[in-house]
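Subject: Structure handover

Hi,

My notes on what turned up follow below.

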Amino acid sequence: MLFKSKKGIQTQDRNRYDRVPKLMWIKCESCGKLVYYRDYKDNHYVCPRCGHVFIMSPKQRFNLLFDDPNWQKLNLPVCTDDPLDFVDRENYKDRLTDAREETGEMDAVSAADGKIGGIDATICVLNGFFMMGSMGRVVGDGIIAAIEHAVELNNPFIMVTSSGGARMQENILSLMQMARTTVAVNKLHDKKIPYIVILTDPTFGGVTASFAMLGDIHIAEAGSRIGFAGRRVIEQNIREKLPSNFQTADYLYEHGMVDIVSSRVDLHDNVARILRVLTHQTITPKVIKAQTPKLEKDKKIRGLGESEAYDKVLLARHENRPHFLDYVAGIVDDWTYLAGDRCYGEDAAMGSGIGFWRGVPAVIIGQESGRTIETRQKHRFGMANPEGYRKAVRMMRLAERFNLPVISLFDTAGANAGRDSEERGQSQAVANAISTGLAIKTPYVAVNVGQGGSGGAIAIGTGDKVLMMENAIYSVIAPESCASILWRDNKFKATAATAMKLTARDMANLNVIDGIISEPAGGAHNDWQTTMELVANAVSTALESLREIPVDELPVKRAEKFISMTRDVEIYQPDPVTE
């Protein structure tokens with residue numbers, strides 16, 4: 001609250017705050033501390049003591065997100081007030097009059113054109129100061145008009161939400177805005193125009209259950225509360241105390257509903273980076289720089305020498321071998337990690353995001369194993385849950401919508417096996433990933449960079465071009481498990497590895513892969529710089545060859561390629577092993 005007369009708070013527009021006396025203080029409604037107004041403003045209306053995010057006016061949002069103040073506000077349609085002649089403790093018409101006097105706006109929606117990262121864009125903002133940003137007919141009409149304007153100009157559309165939900169005073173007319181705004185969003189999707197939603201505090205009810213959760217990319221502002229029903233309502237219904245972080249931005253991230261949790265100050269840069277990729281901007285690729293982690297000089301790889309095939313198994317599993325996020329850090333420009341399956345959760349075992357692969361905008365997915373004890377536990381050794389494969393499917397569809405190639409770097413011992421995974425549909429998730437990968441109308445390059453384990457690997461391995469690193473392996477089961485089952489003793493693991501024919505050379509001979517990527521002497525773990533240069537060049541070459549094929553023909557050729565596999569292959573049967 002402001003320590004001044006009430007009249008000083010109820011301003012016609014936000015500019016009057018700039019004329020507040022210099023000794024004005026604000027009491028944070030979260031921590032209760034006094035904050036000097038100038039510090040509060042300079043910190044983008046975030047409490048510098050506790051990080052509480054205050055509601056911003058549309059003008060402040062435009063200034064925050066556009067490159068400069070030279071944005072142009074749109075004239076949005078208006079309609080008649082109070083169609084239901086609604087009266088509660090106060091006439092609806094009187095409430096509208098008060099809100100208009102306090103905000104200087106006709107209703108809770110504003111839109112403007114400007115540039116974000118030099119790219120023309122349209123931003124639409126829900127004004128939390130106007131009747132809590134609630135959605136009635138005017139808001140619905142305004143969002144629809146702003147989207148149609150963006151479609152006409154082919155502008156990326158950014159929706160900034162701050163709302164308590166549908167406006168009760170308009171009852172069913174408000175409810176219908178959920179369907180009407182969804183129709184408009186579908187137009188953006190049909191035209192393949194980027195639609196980014198920024199969820200701010202608070203966003204609830206019919207807003208979250210319609211246009212606010214239909215974005216190509218969801219960004220939640222840190223500190224925001226986002227949900228369908230309010231916390232108090234839910235606690236009354238279930239008669240339980242909810243977690244302290246319930247319906248926070250971080251909570252939604254953990255549960256797969258948002259791609260990014262961003263601080264307010266980073267919103268512009270995050271949106272600009274995403275738009276550069278989705279709109280196929282031209283960039284100069286960075287110089288690949290990768291430093292190989294140091295190894296203990298005397299540390300030897302245990303088990304080497306039993307068989308050539310099993311040596312490859314050990315090299316593929318080497319603890320110093322680069323993983324998915326290592327390749328991304330070394331090769332990819334403007335990388336944005338995108339999280340969540342929009343259904344249940346975020347799976348750290350399946351990494352995904354967008355960026356420029358040697359100057360080519362792309363969607364990049366892959367399993368991440370982790371390197372330390374903590375990161376291995378976090379990433380579950382690269383063994384993804386159903387959420388990971390559903391996220392991969394979402395990324396494939398995102399790539400198809402914006403004509404971006406898919407690059408997958410698969411490296412896993414297999415899909416995660418466990419009760420939770422089974423209950424949430426592991427088999428269905430893997431099957432759907434295979435099916436989607438075979439069907440998408442966009443170039444798809446898959447690279448086996450380590451362990452190609454069972455269905456967990458092929459789920460993101462059905463590319464137009466399937467490449468395999470020299471010391472990687474590809475198999476239906478681990479050789480140790482194969483030996484335990486068929487030889488009834490895993491000491492025959494090297495024999496099993498040879499019999500299974502799981503090396504890159506074997507895969508090429510069996511016509512399962514399209515090419516082998518060489519590795520530095522001794523293996524990829526010895527020289528990350530050379531390894532990443534080889535992988536980067538191999539993928540770029542594959543993408544270049546696929547550009548010559550019309551995208552409508554890619555799924556057909558991809559299907560023919562996999563259908564023809566394994567035909568007329570002479571199966572090798574090892575000699576029986578006696579006791």
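Predicted model: local features only at pLDDT ≥ 70, side-chain atom pairs only at ≥ 80, totals over all residues.

A cavity here is a set of points, on a 1 Å grid over the protein atoms alone, where a 1.4 Å probe fits but cannot get out; lining residues have an atom within 4 Å of a point. Grid points are joined across faces, edges and corners, and a volume is the space filled by probe spheres set on the points.

Residues are numbered from 1 along each chain as its sequence is written, and side-chain values use heavy atoms, with hydrogens and water left out.

Cavity
The search of the whole structure gave 1 cavity of 30 Å³ or more. The largest cavity holds about 50 Å³ of space. Its lining counts 13 residues, with T80, D81, Y92, V138 and E170 nearest the centre. α3 (92-103) and α4 (137-153) are the elements that give two or more residues to this lining. The largest share, 3 residues, is from α3. Helices (H or I, at least four residues) and strands (E, at least two) are DSSP runs, numbered from the N terminus.

Overall fold
The chain has 21 helices and 17 strands. Its C-alpha atoms fill a box of roughly 90 × 50 × 50 Å along the principal axes. Of the 579 residues, 52% are buried (under 20% relative accessible area, 1.4 Å probe, protein chains only).

Cores
A nonpolar core joins buried Ala, Val, Leu, Ile, Met, Phe, Trp, Tyr and Cys residues through side-chain atoms within 4.5 Å. The largest has 99 residues; I116, I123, I158, I219 and W357 have the most contacts inside it. Helix α20 (residues 528-546) supplies the largest share of this core, 8 residues. Contact means heavy atoms within 4.5 Å. Leaving out residues up to four places away in sequence, I219 touches I196, V197, I198, L199, I260, S262, L267, V271 and I274. A second, separate core has 40 residues, including L126, I147, A249 and Y251.

Helix α10
Helix α10 (residues 308-316) is largely enclosed by the rest of the structure, because 8 of its 9 residues are buried. Those buried are A309, Y310, D311, K312, V313, L314, L315 and A316. They pack against β14 (444-453), β16 (473-475), α17 (479-487) and α18 (493-500).

Best wishes

Methods: 1 Å grid on protein atoms, 1.4 Å probe; cavity = no way out; pocket = protein on both sides within 12 Å on 5 of 7 lines; lining within 4 Å. Buried < 20%, exposed > 50% of the residue type's maximum accessible area, 1.4 Å probe, protein only.
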